[in-house]
Amino acid sequence: MDNTTIKTLFSATVSDNQLNSIYNKVLNEERITPDEGIYLFYNAELSHLGTLANYIREKRHGNKTYFNKNFHIEPTNICVFDCKFCSYSRFLREKDDYDAWELSEEQIYEAIRNYEGKDITEVHIVGGVHPKMGLDYFKNLIENIKKIRPDLHVKAFTAVELDYMCKKAKVSYEEGLTILKKAGQGSLPGGGAEIFDEVIREQICKDKCTSEQWLQMHEAAHKVGMPSNATMLYGHIEKYEHLIDHMNRLRDLQDKTNGFNAFIPLKFRNKNNQMSDIEEVSIIDDLKVYAMSRIFLDNFNHIKAYWPMIGRKTTQLLLSFGVNDIDGTVDDSTKIYTMAGAEEQKPVMTSEQMIALIKQVGRQPIERDSVYNELKDYSKTILGEF
Ligand code: V47
Ligand code: SF4
């Protein structure tokens, strides 16, 4: 639907003047304020949010839907921190637990070698914050990974891991990131952001880096030339006001640096963690949060649905609620969500399956690299041909 048709439809059917004026702002590509964002969250119908988010998505990207060919390495789930929502981490004293792990360097190199000859383009490395794995260790690790596979883009370490490494090594964020960049790191993933509101953060993850530090780390990364993503953990004890505050802090930083590639809302999963008494939110809330992020974050190019967490069917629906990126093939190489009870207990999709998932809902599958250069358009490919 074009802009004028949507405006006519809304003005004929929506009696709330405030809503109508916010809708018009969005359709005129004017930035909405945090108060207007909160108003939409509480008062707009889901179908209206979907229409607006889809309008923005199609204006920017048409039907294009990006994915990449990637896998994850999680060096350890031993972690010095104790985030209440985390189902995955184990303390050092629990090292002998059957589900605690610490990969050796050799095991990590072996994992890279296993992809020899395969057209994978990215390795995503994140894990627990292990007290013995520091900046030197990871610098060396990345250098060796790049020796084995120089073409692989290394997307690595959340701001939480980086903050710990830099503090331990007594270097500034910029110095630490420059060392890792020289070793071959290409970008940062968006994890560790959770919810920036300090009162909520205190309750769900009080001992790891602060919101301010998370934002400073990403600002420093953008300054040294490493792009990054940003996440938001929704669907637990936060309110809509906190989601808008979170996105507003990101929008402000993006105005300053333009270094964020994608925004990724992450749905809280409640299995096997200290917040298991909290019910997971419904799919209606999922659609709403994604649509609102497309509407509010006018300076983020890409909104990503991370399918291993949200599931394949919801990912397909989200392609009409603002999402234009569905992450990668993953190859069953991450445990963060399987341990937290996500539907995807074996997260692996072949590229054929990713293409089919995108095509089934009438979108155009485009393979991208880690910084969104387009590698291949699969819209004309007959499934089964490759
Ligand atoms: O920061 C942990 C989240 C994040 C749970 O940048 C949970 O491309 C829900 O950030 N329920 C790490 N979420 C993963 C991450 C990520 C994933 C995929 C792609 C990218 C990217 C980044 O996982 C953590 C935390 O917010 N998380 N436990 C849970 N129970
Ligand atoms: Fe550690 Fe990350 Fe889990 Fe927090 S979310 S306990 S920092 S592994």
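Strand 6 and strand 7 (residues 260–267) run parallel and are joined by 6 bridges. Strands here are DSSP E runs of at least two residues, helices are H or I runs of at least four, and both are numbered from the N terminus. One pair to look for is M232, which sits opposite P265 in strand 7. Helix 11 (residues 240–257) packs on this sheet and touches strand 6 and strand 7, heading at about 170 degrees to strand 6. Contact means heavy atoms within 4.5 Å, and angles run from 0 to 180 degrees between N-to-C directions, using axes fitted to C-alpha atoms (for helices, over the stretch in contact).

A word on the model: it is predicted, with local features needing pLDDT of at least 70 and side-chain atom pairs counting only at pLDDT 80 or more, while totals for chains, interfaces and linings use all residues. Residues are numbered from 1 along each chain as its sequence is written, chains are lettered from A and ligands numbered from 1 in the order in which they are written, and side-chain values use heavy atoms, leaving out hydrogens and water.

Here are the two sheets; strands pair if DSSP finds at least two bridges between them.

| Strand order | Form | Pairing |
|---|---|---|
| 6-7-8 | open, 3 strands | parallel |
| 9-1-10-11 | open, 4 strands | mixed |

From one strand to the next, the twist averages 30 degrees. Strand 1 (residues 64–68) and strand 10 (residues 364–368) run parallel with 4 bridges between them, and K64 has Q364 as its bridge partner in strand 10. Lying across strand 1, strand 9 and strand 10 is helix 15 (residues 351–360), at about 160 degrees to strand 1.

Now the helix pair. Helix 1 (residues 3–13) packs with helix 2 (residues 17–27) at an angle of about 175 degrees, their axes 10 Å apart. The two are therefore roughly antiparallel, a label for angles over 145 degrees. N3, I6, K7, F10 and S11 in helix 1 meet N20, Y23, N24 and L27 in helix 2. That contact divides into 4 nonpolar, 4 polar and 1 charged residues. Ala, Val, Leu, Ile, Met, Phe, Trp, Tyr, Cys and Pro count as nonpolar, Asp, Glu, Lys and Arg as charged, and the others, Gly among them, as polar.

How values were computed
Angles under 35 degrees count as roughly parallel, over 145 as roughly antiparallel, 65 to 115 as roughly perpendicular and the rest as oblique.
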